[in-house]
Amino acid sequence: MKTSGLGLNFRHLYYFWVVAKEGSITRAADRLDVAVQTISAQLSLLEQSVGKSLLAPQGRRLVLTEAGRIALAYADQIFLLSEQMMDTLAISDTEHSMRLTVGISDSVPKLITSHLLEAALALPQRVRLVCYEYQLDNLLADLALHKLDVVLTDRPVPSGTNMRVFSHLLGESEIALFGLPALAERYAPGFPASLNGAPLLLPTRNNAIRGRIEHWLEMNSIRVDVVGEFDDNALLNTFGRNGMGLFPADSALAKDVHDQFGAVPVGALSSVKEQFYAISNERKIKHPAVEAILAAIHGKAFPLSRQAA
């Protein structure tokens, strides 16, 4: 199983990967159903191949050396890609499935994500959708390694990044404040001056929209009572549904917000807009499902105000 020219036997690497995950050769041998001596021999050959010790004994466990931690990081990527390849190849040709692997920044509202992906799922060809939600930096790293087809986020690629990934503006939507009917009845009259002292739920400062909301409040000389800050948008909405305070959401999704959270608009934050981007490895997106998303938004199938990418 040795790959000519690479000097690396991937069976040896796989045994190392399992040992590193299990923490002992004995448990790895049980998992792989091979003899302990076989794994020990394979690890020894791998260490000879790379010229460094990858594991060191610590009590009854084996721990990674510095070289071992580097090797494990690469092995994680290699075997994740291997699993994805096998999953893709395992799909029957008769299903005519197309796999779309999407990374979703944890700052993008779930309702927005759902609407953005609707066009891909409406294609005549069956789409097998695989979604991962994480912080943007991690998603961009996975995109650069081709683990993802596209990343959906609320901000473009940071300037100065050394990764060859490209931002495609999908559109933008105006932000409004929502609340349960009792809160809306109290704070809607006289908006926005009525917001002074109002309980407000906001995303944490790593969310692009937070600074825009704070700037709007400052420009309107409004001092609110921030009763909660949330890194996860779904959790923020959950507390909004419980009546803890007013919360921001895209005004274009007022019906969805009402249906899911029982909240109604209190007032629009004029000039505060949330932007959404698709980030890809190519300047021109080539994946048919992602192209369908862009085409649908351009055709106003998704209620965002479309701007040139």
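This is a predicted model: local features need pLDDT of at least 70, side-chain atom pairs count only at pLDDT 80 or more; totals for chains, interfaces and linings use all residues.

1. N281 sits in the loop that runs between strand β12 (264-280) and helix α11 (288-298). Its relative accessibility is 16%, so N281 counts as buried, the cut-off being under 20%.

2. Two polar contacts involve the side chain of N281. One of its polar atoms lies 2.8 Å from the backbone oxygen of L143. The side chain of H146 is the partner in another polar contact, at 3.3 Å.

3. What else does N281 contact, leaving aside neighbours within four places in sequence? Besides L143 and H146, the list holds A144, L148, R164, V165 and F166.

4. R99 belongs to strand β5, which covers residues 98-105. With a relative accessible area of 15%, R99 is buried, because that value falls under 20%. The side chains of R99 and T101 make a polar contact at 3.2 Å.

5. P181 is in helix α7, residues 181-187. Is P181 buried or partly exposed? Its relative accessible area is 47%, so P181 is partly exposed: buried would require under 20%, and exposed over 50%.

6. Away from its sequence neighbours (residues up to four places away are not counted), P181 touches G262 and V264. The C-alpha atoms of P181 and V266 are 9.0 Å apart, although 85 residues separate the two along the chain.

Technical notes:
Residues are numbered from 1 along each chain as its sequence is written. Side-chain values use heavy atoms; hydrogens and water are left out. Helices (H or I, at least four residues) and strands (E, at least two) are DSSP runs, numbered from the N terminus. Buried means under 20% relative accessible area, exposed over 50%, partly exposed in between (1.4 Å probe, protein chains only). Contact means heavy atoms within 4.5 Å. A polar contact is a pair of N or O atoms within 3.5 Å; within protein, one must be able to donate a hydrogen and the other to accept it, and residues adjacent in sequence count only if both atoms are side-chain atoms.
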